[in-house]
Amino acid sequence: MNRRIGIVGIPPLAVIRKINADRDSIVDLDEPQLQLAIDLSSKYLPRVYCAILRTVVLNGMHLDLDRIYIDVGPGKCDCALHVSTILTDMLAIPITPTRNLDMESFGTPICRSNLPLLNKFLAITNGVQSSEPSTPHEPCTPTAGFWGVPPRDFSILSLFPDSTHVYGWTRCMENKTPAKLTLESYYNPNIPTVFFAQSFCAKTALARHLANQHPKALYLDCDVNAGSSARAKIEAFLELSGVQTSSRGGKHAAG
Amino acid sequence: MLLADFGTSYCKLLDTATSAKPRILPTRDLGKNFIADLATGHNAKRRSKRSMNELTALARGGRRLINKPDFVLLDCGSRDIKFIRYEDFEVADMGWNAECGASMGFTIELLSKYYDIDYSAVPIPESGFSITCGVLGMSHIFDAVVSGSSETEAVAKFVRGIARNAYRFAGTPEKIYLSGGLCDNPLFTGSFPCDIVPLGRFVLLEGLKEYLATNQRP
């Protein structure tokens, strides 16, 4: 029907299948869709709030949408529950809260592939719009790990080697089981891993907890954009852990 | 080979082809076209042929100078604070705070010039201000002076607060190896509630030397 349907988080597969069957288009509101200052969202949300949900509100304010499905259950977060209330009061379109409890595993070939980490994340976040599993990829031997949600600022992903495996909620995204806590809590203790936390996200607690358990971990908290200190921490952590990074840094003297 | 640590306020330069000691130059006096062979610091990527991340340089410098299995090394710069914690000869934790630890060193130097204070002559106060940032912390000084404190007393409490904030940032260890220009400030070093081992201003240059030594081995 060519309607534009916004989604927040990962609505249940039944919802995605219906949108696809209706031939409507999906707009992922978790991702920046517009070149606008995120502070514009402060009309509806506090400035000190999860940057992903501030992005959702910013998108909702400025995109022409026909409906929004917002996941508010254990597969997303309590903050999304409150944002669903705000969106309902803010917009004149139907806002449908969902609670995705899907537990059928679709596999995680992209998370374990040798694709550049940025491409992995792009493929996984795009995959949310489909009810099909990821295309097959050969697994690679991991040399580093990235645990967490997709960051608001994807630029940090280019600091990692292609042999980085993805864990945490992003792995749950690819598996299409966003509420599967056992999968989200899984990490590989044999590889240096960055436990990424989006500032003010409830999952920061799990990120830090798992980082404390992991023998070679960096806990990293980032807000809207990753500053130079966050980037330097990742670079130093990988270098000092003996991880061979790519030559993308140009003349950078990797230790 | 010309090595450089391009700090915000001061640059530390070393020519490995001579036996001369490192020299310190105010950053504002650095020639426009100055280029180092290998460098670290804020301007390293722009002003050198090869650059090294500051945390990496700090970790390498600490390993070279301290050479112990377990230690915490804290670098207090003009603009930010960084720490590296080694455990069993491996980096176990690190941090770089450019926001909440902002402008500590710069503010401390600025205050000494503005109020004409010699930090070596100032006794360490028994209490200090609760400070997380050099810039925001200055309002405490103004409030204290308005309330009747001397300028020197107020600045001393400010410096103590800065030191305590850096101590918490480093994870409240029993002993800290300290890097940076504040090593020469007895009020600052004496305000930490733990053992302090000042290593001076050239720890990051040592990190660059360690990198050269490692990468020139056959």
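Q: Which residue in β5(B) is the bridge partner of L38(B)?
A: R50(B) is the partner of L38(B). This is a predicted model, so local features need pLDDT of at least 70, side-chain atom pairs count only at pLDDT 80 or more, and totals for chains, interfaces and linings use all residues. Residues are numbered from 1 along each chain as written, and chains are lettered from A, ligands numbered from 1, in written order.

Q: How many bridges join β4 of chain B to β5(B)?
A: 4, and the two strands run parallel. Strands are DSSP runs (E, at least two residues), numbered from the N terminus; two of them pair if DSSP finds at least two bridges between them.

Q: What's the strand order in that chain B sheet?
A: β3-β2-β1-β4-β5, an open sheet of 5 strands with mixed pairing.

Q: Which strands stand at the edges?
A: β3 (23-26) and β5 (48-52) of chain B. Each has a single partner strand, so one side of each lacks a neighbour in the sheet.

Q: Switching topic. How many residues does each chain put into the contact?
A: Chain A gives 14 residues and chain B gives 18. Contact means C-beta atoms, placed from the backbone, within 7 Å.

Q: And how do the chain A ones divide?
A: 5 nonpolar, 5 polar and 4 charged. Ala, Val, Leu, Ile, Met, Phe, Trp, Tyr, Cys and Pro count as nonpolar, Asp, Glu, Lys and Arg as charged, the others, including Gly, as polar.

Q: What does the C-alpha trace of chain A span?
A: About 55 × 40 × 35 Å along its principal axes.

Notes:
Contact = placed C-beta atoms within 7 Å.
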